[in-house]
Structure formats: C-alpha cells, structure tokens
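The following paragraphs lead through a single model, from the terms needed to read it to its overall form and then to selected positions.

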Amino acid sequence: AEIMAYGKASGGENDLLELQNCFRRSEEFIGAAKQQDLTRWGALTSYNLIRNNFKRYEGLVEAFKEKRSLAECVAIIEGSTC
C-alpha cells in the first residue's frame, strides 16, 4: 500500500524479520528457497488485493483516521459502505 501511495515503502524490514521468525518456529523446515517463494507470493497477493479493491482500501484508511468503529470498518471492507 505504501508503494502504491508514495512510490516506496519503509519499515518493511521489521515485517520480513518477523516473518522469518515465524518460519523458524515452524515445526516443518521448508528451506530458504520455499520461504522466499512464499514471501514473494504473499507480497504479490497483498498487492493485488489492494489494487483490485483500492476504493475500499482508501475508505478503510479514512475510517482509521476518523477512528470509526470496527463495525463501520468491516462494512467498508465488505462493500456495504464506501
């Protein structure tokens, strides 16, 4: 979302470190290549979700700024209100 709005993203390093920690705690070792594939898949999937639902995303951002209720935020995501 940051990249779409500002052309760059910051703070993603911490997210990647946390994801790496989750992979380490997993009972099943999947290897570095599979971890990288899953990370890329997740990034692409989240990008596509936001891109394909950008109006809802913008509505949700505004709702957060206005400190709206959880029910109102869910309604925005579900498309009941935009």
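A residue counts as buried when its relative accessible area is under 20%, as exposed when that area is over 50%, and as partly exposed in between, with a 1.4 Å probe and protein chains only as cover. By this scale Gly79 is partly exposed, at a relative accessible area of 34%. The model is predicted: local features need pLDDT of at least 70, side-chain atom pairs count only at pLDDT 80 or more, and totals for chains, interfaces and linings use all residues. Numbering starts from 1 along each chain as its sequence is written, and side-chain values use heavy atoms, with hydrogens and water left out.

The protein chain contains five helices and zero strands, where helices (H or I, at least four residues) and strands (E, at least two) are DSSP runs numbered from the N terminus. Its order of elements from the N terminus is α-α-α-α-α. The radius of gyration of the protein chain is 16 Å, well over the 12 Å that the globule rule gives for 82 residues, so the chain is more spread out than a compact globule. That radius is taken over C-alpha atoms, and the rule is 2.2 Å times the number of residues to the power 0.38. Along the principal axes, the C-alpha atoms fill a box of roughly 45 × 30 × 20 Å.

Of the 82 residues, 11% count as buried. The accessible surface of the protein chain is about 6,800 Å², and 56% of it belongs to carbon and sulfur atoms; such areas come from the Shrake-Rupley method with a 1.4 Å probe, and for residues only the protein chains shown count as cover. Among contacts (heavy atoms within 4.5 Å) between residues at least 6 apart in sequence, 23% join residues at least 24 apart.

Helix H4 has twelve residues and reaches 17 Å from its first C-alpha to its last, close to the 16 Å expected at 1.5 Å a residue; the expected span is 1.5 Å times one less than the number of residues. Lys67 is placed in the loop between helix H4 (54-65) and helix H5 (70-78). Its phi is near 55°, a positive value in a residue other than glycine, and Lys67 is exposed, with a relative accessible area of 76%.

Gly79 lies in the segment after H5. Where does Gly79 stand relative to Asn53 in sequence and in space? The two are 26 residues apart in sequence and 9.6 Å apart in space, C-alpha to C-alpha.
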